[in-house]
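Here's a quick briefing to read alongside the model.

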Amino acid sequence: HTRLRTVTGVQTCALPICGFLGGIGDGNVFQWQLNTAQPVFKLPREAASVYGLALSADGKRVFIGLHDYKRSTGKEVVEPGTAPLAIVEYHLAEQREVRRTTVDASVYQLASSPSGETIAFGIRGGVSLLNTLNGEIRILNPVESRLLGVAFAPDGKSVVASSADGRLFAWDVESGSLLTEKKGAFHWGSYSTVSGDGRLMIVSGRPGSVWKLPECVVPRAGK
């Protein structure tokens with residue numbers, strides 16, 4: 001057991017080749033050395049909390065999802081001068097911002113596709129896919145839920161998500177079509193992941209739970 005030094009309130013984390021990254025509720029992102037638990041550097045502080053972190057396939061870039069509990073749906077009236085929410089891309093070795101893509105509502109989780117070419121995140125009414133090469137955003141077929149937790153199947157052909165109203169969803173990435181929906185799974189699903197064999201979806205929420213994915217998703221996960 002090693003305690004990371006200098007900070008509290010880590011909301012999300014990622015493991016690049018060069019150490020450990022943690023997103024903080026106060027808008028900071030730190031990198032630590034794993035063997036010493038000492039901070040190596042921190043990225044420029046954001047005006048909103050950092051709830052989502054995802055790495056590029058080569059581990060050289062990190063994507064940061066900003067969160068503000070007052071802007072959950074994207075329909076709230078925002079006070080003048082309030083910093084916009086965004087997904088921010090940084091080059092880790094060069095410690096510089098590469099791109100900032102504005103989004104309408106708070107980001108709870110970011111998920112990187114196996115190829116690293118796509119970042120998925122939940123929105124009100126569905127899941128958005130961010131192209132990491134050009135910064136373009138594509139929205140999958142909409143649903144009537146606020147999506148929070150997202151994850152790709154191991155082969156990257158489908159994406160699953162958990163919602164604030166206790167539902168599970170799965171989409172085909174290429175076509176954007178909804179593959180399946182399950183109601184009443186839990187009360188609140190804020191973070192999600194898929195097992196290595198693509199058969200199970202693990203949801204961190206109220207309560208945390210494990211779900212067997214339907215056959216329409218599992219065959220796409222590299223059986």
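Are Arg-61 and Glu-89 buried or exposed? Arg-61 is buried, and Glu-89 is too (buried means under 20% relative accessible area, exposed over 50%, and partly exposed in between, with a 1.4 Å probe and protein chains only).

Keep in mind that this is a predicted model: local features need pLDDT of at least 70, side-chain atom pairs count only at pLDDT 80 or more, and totals for chains, interfaces and linings use all residues. Residues are numbered from 1 along each chain as its sequence is written, and side-chain values use heavy atoms, with hydrogens and water left out.

**Salt bridges around Glu-89**
- The structure has 9 salt bridges, each one a side-chain nitrogen of Lys or Arg within 4 Å of a carboxyl oxygen of Asp or Glu.
- One of them joins the side chains of Arg-61 and Glu-89, at 2.7 Å from N to O.
- That pair ties together distant parts of the chain, with Arg-61 in strand β6 (residues 61-67) and Glu-89 in strand β7 (residues 86-91), 28 residues apart; helices (H or I, at least four residues) and strands (E, at least two) are DSSP runs, numbered from the N terminus.
- Glu-89 also has a salt bridge with Arg-99, where the closest N and O atoms are 3.0 Å apart.
- This second pair links distant parts of the chain as well: Glu-89 sits in strand β7 and Arg-99 in strand β8 (residues 96-102), 10 residues apart.
- Glu-89 has a relative accessible area of 4%, so it counts as buried, whereas Arg-99 is partly exposed at 25%.

**Other salt bridges**
- Asp-197 and Arg-199 meet through their side chains at 3.8 Å, N to O.
- Both ends are partly exposed: Asp-197 has a relative accessible area of 41%, and Arg-199 has 38%.

**The cavity**
- There is 1 cavity of 30 Å³ or more, a cavity being a set of points on a 1 Å grid over the protein atoms alone where a 1.4 Å probe fits but cannot get out.
- The largest cavity has a volume of about 40 Å³, taken as the space filled by probe spheres set on the points, which are joined across faces, edges and corners.
- Its lining residues (those with an atom within 4 Å of a point) include Glu-89 and Arg-99, along with Phe-63, Ile-87 and Thr-101.
- Strands β7, β8 and β11 (126-131) each give two or more residues to the lining of the largest cavity.

Methods
On a 1 Å grid over the protein atoms alone, a cavity is a set of points where a 1.4 Å probe fits but cannot get out, and a pocket is an open set with protein on both sides within 12 Å along at least five of seven lines; lining residues have an atom within 4 Å of a point.
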